[in-house]
Amino acid sequence: MDAVATAFGLILDPYVLMVMGLAAVFGIFVGSIPGLTATMATALLVPVTFFMEPVPALAAIVTATAMAIFAGDIPGALLRIPGTPASAAYTDESFAMTKKGQAELNLGVNLVFSALGGLVGTIVLITAAPALAELALNFSSFEYFWLACLGLTCAVFIAAEEPLKAIISLLIGLFVATIGIDPAAGFPRFTFGVVDLMAGVSFIPAMIGMFAVSEVLRGVVDLQGIGRPTQERIGNIFRGVGPVCVRYWKNFVRGSAIGTLVGALPGAGADIAAWISYAVSKRFSKEPEKFGTGHIEGVVDATSANNSALGGAWIPALVFGIPGDSITAIVIGVLYMKGMNPGPTVFLQNPQFIYAVFISFILANLLMVPLGWLAIKSSKQVLNVPRNLLLPIILMFCIVGSFAITNSVYGIVIMLAAGVLGYLMEENGFPVAPAILGLVLGEMLEQNFMTSMIKSEGSFIAFFQRPIAGVLGVVTLAIWALMIWRGLRRTQAVTA
Amino acid sequence: MRFNDAVIGVVLMVVAVAIILYAQTFPAFPGQDYGPSLFPTVIGAALLVASAVLVVRGVVMRRGTAWAYFAPWTREPHHVVSIALVLLAVVLYIFVSDAVGFLLSSFVILATLFIWLGVGWRLALVVAIATTFVIDWFFGNLMRVPLPRGILNLIS
């Protein structure tokens with residue numbers, strides 16, 4: 001309990017609260033501007049939090065992302081453009097409600113259920129993470145090797161649309177992770193004599209490039225993409241939310257549960273959580289014919305799901321160091337920079353930091369209601385910020401941010417390369433998230449494999465000899481077999 | 001720029017073969033079967049297989065579509081210059097910021113991009129100056145990032 005008290009002390013510090021407040025405003029702004037995502041908000045925040053203590057740094061990321069995921073709903077309802085990909089699943093539904101004159105109800109429901117969904121994700125995080133951490137204390141390099149494999153597999157498995165392109169994206173990430181001094185023998189690989197590359201490809205500049213610079217590149221050719229809000233004046237958003245709560249509380253519970261689970265799976269985050277829960281909502285609805293015509297039911301599911309996914313994603317990130325989504329992929333980088341290597345030992349050595357993350361999650365979701373209300377009220381101004389001013393400023397921020405991580409132009413070079421690569425990948429239908437996961441997990445995978453091989457004196461059977469490792473290994477291999485089988489059937493269907 | 005999957009596949013296959021060949025030059029780990037070359041080789045091999053499948057799929061599914069597709073904006077010189085300017089700005093910053101300094105590089109990059117993207121020149125100059133000073137104050141002073149001073153070194 002001491003740690004909890006310490007954690008409260010850490011969070012309720014005026015400086016930390018101020019940082020959270022600013023992060024909240026930043027998150028709402030980034031989230032409500034179409035084309036700027038929650039991941040981008042995180043990537044841009046990292047250079048800013050670089051010199052902060054761990055607690056304000058993590059609290060800032062938690063707050064900004066929670067706000068951004070909610071704020072993405074605002075342009076969805078008013079402009080029919082999702083502010084972040086996480087709102088895309090129900091943008092048409094929301095806009096249909098606006099056209100029926102129900103923008104207030106839609107925004108109110110989005111706000112209230114985003115906050116509630118976020119709280120559910122947080123509660124699951126608070127209960128599940130420490131329990132899993134206790135289990136994970138017994139894990140050795142064998143279990144971690146399989147966990148990393150499972151994490152990478154998830155990234156491909158969930159991207160059901162184009163598994164082949166997801167695999168290629170993943171392999172690109174894994175390859176980039178091998179650049180630099182290798183973890184076992186200390187031999188510099190693919191460095192071509194460049195000293196900067198010896199330490200590997202710096203992760204944060206790569207993220208800034210992939211998620212922010214690529215958006216700037218997309219944005220400058222599409223400046224006129226945004227129209228004017230269809231509804232200029234927003235009335236009382238909380239009217240009618242009560243009856244929706246009473247009528248659709250089951251949808252809320254289901255959406256949050258799906259969201260937390262999907263969030264906790266590596267490689268899938270808030271956007272996929274929203275798509276899945278919206279589909280589930282329609283599938284089990286008593287009135288599926290109303291979906292798409294401006295019906296609130298699916299919105300309840302999906303808006304709860306995308307916010308609960310945020311909390312869920314922190315579970316594997318904190319316990320195993322395996323990111324649940326691209327936001328926590330950055331968070332893991334931040335944790336390493338702050339010297340708190342994610343893993344079960346953090347829960348023993350620095351429990352106050354873990355509790356501080358929990359508290360900032362709760363606080364952020366409570367703050368969301370008043371701040372979200374303000375954001376909705378001022379949406380007209382925010383949505384009118386000219387993009388031709390915004391994009392160059394973001395670019396400059398990316399440049400300085402990447403520079404700040406390495407204190408040299410090397411960071412900017414990585415940012416530029418990753419930005420162009422990310423842009424070309426997305427243009428050609430390659431998802432970026434698996435590459436990021438590969439980049440984060442590549443070293444963990446290789447290190448644990450090499451350590452295990454040295455321990456077992458080169459015998460591969462050892463990977464199945466410990467009970468948990470054996471189960472994880474069999475599950476991983478089974479999923480691979482299933483994926484190959486599905487792939488073969490698909491090819492047959494295409495060629496036939 | 002969108003390419004047919006086969007085109008991307010061929011490029012990736014070349015990359016994969018290069019990775020595999022280069023990895024064979026890595027020294028072996030004494031007394032171990034598994035050395036620094038293992039992971040790059042496995043990744044390269046997997047990439048080779050996956051991109052080969054991509055090539056086959058791209059050829060099968062092509063059905064008369066073009067090998068490369070250029071989005072409508074690529075035919076508008078203004079947009080092409082926009083993208084080129086963004087990339088050029090970053091490249092320029094990489095090469096000259098150390099000599100010229102952050103303040104001047106940032107101002108020139110911002111002002112140029114603003115004006116090209118259609119911001120009125122008066123507003124563009126004001127925002128470029130303001131943004132440059134805010135970033136300099138925030139990162140340079142508050143966060144203690146050693147932003148290059150460049151020409152300021154000549155004065156003081």
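## The contact between the chains

Two residues are taken to be in contact if their C-beta atoms, placed from the backbone, lie within 7 Å. In this predicted model, local features need pLDDT of at least 70 and side-chain atom pairs count only at pLDDT 80 or more, while totals for chains, interfaces and linings use all residues. Residues are numbered from 1 along each chain as its sequence is written, and chains are lettered from A, with ligands numbered from 1, in the order in which they are written.

The contact draws on 42 residues from chain A and 50 residues from chain B. On the side of chain A that touches chain B, at least two residues each are supplied by helix 9 (163–178), helix 10 (203–220), helix 19 (387–406), helix 20 (410–427), helix 21 (433–455) and helix 22 (467–495) of chain A, where helices (H or I, at least four residues) and strands (E, at least two) are DSSP runs numbered from the N terminus. Helix 19 of chain A gives the largest share of that side, 10 residues. Sorted by class, the side of chain A that touches chain B holds 32 nonpolar, six polar and four charged residues; here Ala, Val, Leu, Ile, Met, Phe, Trp, Tyr, Cys and Pro count as nonpolar, Asp, Glu, Lys and Arg as charged, and the others, Gly among them, as polar.

## The form of chain B

Chain B contains six helices and two strands, which follow the pattern β-α-α-β-α-α-α-α when read along the sequence. Its radius of gyration, taken over C-alpha atoms, is 24 Å, whereas a compact globule of 156 residues would have one near 15 Å, by the rule of 2.2 Å times the number of residues to the power 0.38. The C-alpha trace of chain B spans about 60 × 55 × 25 Å along its principal axes.

## One helix of chain A

In helix 1 (residues 2–11) of chain A, the residues A:A7, A:L10 and A:I11 are buried, with 20 or more other C-beta atoms within 10 Å of their own. Seen down the helix axis, the directions to the C-beta atoms of these buried residues fall within an arc of 90°, so they line one face of helix 1 of chain A. On the other side of this helix, A:D2 and A:A5 are exposed, a term that applies at 12 or fewer such atoms. The cover over the buried residues of helix 1 of chain A includes helix 2 (14–32), helix 4 (54–71) and helix 17 (351–377) of chain A.

## Confidence

The model scores ipTM 0.92 and pTM 0.86. Chain B has a mean pLDDT, the predictor's confidence in each residue from 0 to 100, of 88, and 96% of its residues reach 70 or more.
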